[in-house]
Amino acid sequence: MVDLYHRFDGYDDGKVLLEGSDEDVLVALEGKPALLRIPGTDRTPRARFVACLLHGNEDSGYRAVLQTLRTGVRHPFDLWVFIGNVRAASQAGWFANRYLDDQEDFNRVWGRHPPTTRMRRCADAVLAELSEVDLEACVDLHNNTGYNPHYAIVPVRTPASLTLAAACADTVLLWNLEAHTLMEALSRHCPTVAVECGLPNVPGNTAFAQQVLDRFVGAVFTGTPRAPERMLEMRVRVEVRPEVPFSVGLALSDEIDFVLRPGLDTHNFGMLLAGTELGHVHPGTAMPLRATDMGGTEVTERFFTLDDAGVVAVGEDLTPVMMTITVVQIRRDCLFYIARNC
């Protein structure tokens, strides 16, 4: 365990997380994740858990967590904090990498077996520690790679998880994938949500993450369940077919067979109307997108069209969520998901 991540117990032990700038903390952690426990004021406290920086380019939650820790406040419960991909956050520029070329996605290794990589072993060790804790709620803080409103993600739809999500954000997205995320792993133990705080490196989004943390540590999870103001459910995953070379906002060429329109991410959680142009291909090229429902059935022809001029368009009104705008992230994950109100 000691080799996999730093382990701190209390403010005195974890003073490295309280001194210097946010970047100084990353330097002090020397490329390893950190797990910190702040003992509660009660003799037999329950516990709450906060995770941040599972992706090294997502600074909002990380900065908010450090700001919370630097207050020195103790709560009626143990507060556990996990700081994830320190290596990716501190190489080739501050917060420059979601994850490095020699790494897995740190939010795709939780409960994933066999534990053949360092990240999987680290995740297993953290989960083993938390399994001994009387957790009452968990929040995992993230940023998006495209423009999105602030929202919370719920992996298991229960009154308790929806109440927690509604305390964090007005919009809630039901997650029905099995992707070995931290929130999926912890949802077996207690209400757990991931909170998406908008684009990284935006002071207002760090302020939102701080508000989420303030509400999380101050919330009372008893009484009448609270419903979110708006709730959506993911229904379809949309990707650029892996064999298709593409770009965002450039021009078709001998090397580029598909060009996506820039700015499409501004429609996230809104509406793309039937007929909206998404991009274009060389005339005679096959459909470059592939859409599959949550059961794995291809539904591309239902949602997208391709005309003789090579224009790729929306086939029926749809609500995109999590649309990203970088070629790297589209390749690593997908272009967007189609959701519906529920």
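## Inside helix 3

In helix 3, the buried residues are D59, S60, G61, Y62, A64, V65, L66, T68 and L69. That makes nine buried residues out of 12, so the helix counts as mostly covered, where buried means under 20% relative accessible area. Keep in mind as you look around that this is a predicted model.

How far does helix 3 reach from its first C-alpha to its last? The span is 17 Å over 12 residues, close to the 16 Å expected at 1.5 Å a residue.

Now find strand 3, which covers residues 47–52. This strand is mostly covered too: six of its six residues are buried. A47, F49 and A51 point one way from the strand, while R48, V50 and C52 point the other way, and all of them are buried.

Which strands pair with strand 3? One is strand 4 (residues 78–83), joined to strand 3 in the parallel sense over six bridges. Another is strand 5 (residues 135–142), which also runs parallel to strand 3 and is joined to it by five bridges. F49 is a handy landmark here: its bridge partner in strand 4 is W80, and in strand 5 it stands opposite C138.

Helix 3 comes back into the picture at this point. Together, strand 3, helix 3 (residues 59–70) and strand 4 make a right-handed β-α-β unit.

## Rings that meet

A pair of aromatic rings is described by the distance of the centres and the angle of the planes. This structure holds six aromatic pairs. In one of them, the ring centres of F82 and W110 are 5.8 Å apart and the planes stand at 90°, so the pair is edge-to-face. F82 belongs to strand 4, whereas W110 sits in the loop between helix 4 (86–90) and helix 5 (118–131), so the contact ties together parts that are 28 residues apart in sequence.

Is the F106 and W110 pair stacked or edge-to-face? Their centres are also 5.8 Å apart, but their planes lie at 15°, so this pair is stacked. F82, F106 and W110 form one aromatic cluster.

Are these three residues buried or exposed? F82 is buried, with a relative accessible area of 0%. W110 is buried as well, at 2%, and F106 counts as buried at 2% relative accessibility.

## Charges over rings

R48, from strand 3, lies over the face of F77, at 4.2 Å from the ring centre. Elsewhere, the charged end of R332 sits over the ring of Y99, 3.9 Å from its centre.

## The whole protein

Stepping back, you can count 10 helices and 17 strands in the protein. Along its principal axes, the C-alpha trace spans about 70 × 45 × 40 Å. Of the 342 residues, 55% count as buried.

How does the radius of gyration compare with that of a compact globule? With 342 residues, such a globule would have a value near 20 Å, and the protein has 21 Å, which agrees.

Notes: Residues are numbered from 1 along each chain as its sequence is written. This is a predicted model: local features need pLDDT of at least 70, side-chain atom pairs count only at pLDDT 80 or more; totals for chains, interfaces and linings use all residues. Side-chain values use heavy atoms; hydrogens and water are left out. Buried means under 20% relative accessible area, exposed over 50%, partly exposed in between (1.4 Å probe, protein chains only). Helices (H or I, at least four residues) and strands (E, at least two) are DSSP runs, numbered from the N terminus. Two strands pair if DSSP finds at least two bridges between them. A crossover is right-handed if, with the strands pointing away from the viewer, the path from the first strand over the helix to the second runs clockwise. Rings of Phe, Tyr and Trp (its six-membered ring) pair if their centres lie within 6.5 Å; planes under 30 degrees apart count as stacked, over 60 as edge-to-face and the rest as tilted. A charge sits over a ring if NZ of Lys or CZ of Arg is within 6 Å of the ring centre and within 35 degrees of the ring normal. The expected span of a helix is 1.5 Å times one less than its number of residues. The radius of gyration is taken over C-alpha atoms; the globule rule is 2.2 Å times the number of residues to the power 0.38.
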